[in-house]
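Work through the exercises below with the sequence and the structure in view. Try each task before you read its solution.

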Amino acid sequence: MEAYKPVTLNTTLYWANLQNKNDMSGKYQVDMSLLSDAAIQALEERGLSVKTKDDDRGNFITVKSSNPIRAYNTHGDEISCLVGNGSKAKAVLGHYDWQFQGKQGRSASCLKLVITDLNEYSPDGGEIDVALEDAL
């Protein structure tokens, strides 16, 4: 395959494990979803596989890393909170070729991730607004 410049995507993030490893893969990862036709074409030209499942993600690519994936806000400050499903972002993706146990392939690498509309995830569900006087 020929050498390609990185591609910049508008994307919606799902299942972001940016600072903690995903239990199943043992890697830091995020699904970059709701990809445009132009984004799909650019990724496929680079030899990357775009997936589709019957869910809210539409067309998506899963980006995995052995290192934490650093995310920034639009002011350039690093984001330290948990990024929830539905967060909007601009992502700059490159790719790398790999070989492992007799298999080989090409995977996406996240060169830069800027969260443009953060949906912060709260593992405890966050605060619930309740009126105690309405108790049954």
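The model is predicted: local features need pLDDT of at least 70, side-chain atom pairs count only at pLDDT 80 or more, and totals for chains, interfaces and linings use all residues. Residues are numbered from 1 along each chain as its sequence is written, and side-chain values use heavy atoms, with hydrogens and water left out.

**Exercise 1. Bridges between strands**

Task: state how many bridges join S3 to S4, S2 to S4, and S5 to S6.

Solution. 
1. S3 (residues 51-52) is joined to S4 by two bridges, and the two strands run antiparallel. Thr-52 has Asn-59 in S4 as its bridge partner.
2. Six residues lie between the strands in the hairpin of S3 and S4, where Gly-58 takes a positive phi near 60°.
3. S2 (residues 28-33) and S4 (residues 59-65) are antiparallel and share five bridges. Here Tyr-28 has Ser-65 as its bridge partner in S4.
4. S5 (residues 87-100) pairs with S6 over 13 bridges, again antiparallel. Gly-94 stands opposite Ser-109 in S6.

**Exercise 2. Salt bridges**

Task: describe salt bridges of Asp-55, Glu-78 and Arg-106, and decide whether each partner is buried or exposed, or in between.

Solution. 
1. A salt bridge is a side-chain nitrogen of Lys or Arg within 4 Å of a carboxyl oxygen of Asp or Glu. A search of the whole structure finds four of them.
2. Buried means under 20% relative accessible area, exposed over 50%, and partly exposed in between (1.4 Å probe, protein chains only).
3. Asp-55 bonds to Arg-57 in a salt bridge, with the closest N and O atoms 2.6 Å apart. Asp-55 is partly exposed because its relative accessible area is 37%, whereas Arg-57 is buried at 11%. Both belong to a network of salt bridges that also links Asp-31.
4. Glu-78 and Arg-70 form a salt bridge whose closest N and O atoms are 3.0 Å apart. Glu-78 is partly exposed at 40%, and Arg-70 is partly exposed at 47%.
5. In the salt bridge of Arg-106 with Asp-97, the closest N and O atoms are 2.7 Å apart. Arg-106 has 19% relative accessibility and so counts as buried, while Asp-97 has 55% and counts as exposed.

**Exercise 3. Surface patches**

Task: list the residues of the positive patch and of the nonpolar patch.

Solution. 
1. Patches are made of residues with over 30% relative accessible area and no salt bridge; like charges are joined within 9 Å, and nonpolar side chains (Val, Leu, Ile, Met, Phe, Trp, Tyr) within 5 Å. Lys and Arg count as positive and Asp and Glu as negative, while His and the chain ends are not counted. A charge is placed at NZ of Lys, CZ of Arg, CG of Asp or CD of Glu.
2. The positive patch consists of Lys-21, Lys-27, Lys-51, Lys-53 and Lys-64. Lys-51 lies in S3 and is partly exposed at 40% relative accessibility.
3. The nonpolar patch consists of Tyr-96, Trp-98 and Phe-100, with about 310 Å² of accessible area together (Shrake-Rupley method, 1.4 Å probe; for residues, only the protein chains shown count as cover). Tyr-96 lies in S5 and is partly exposed at 36%.

Methods: Helix = DSSP H or I, 4+ residues; strand = E, 2+ residues; numbered from the N terminus. Pairing = 2+ DSSP bridges.
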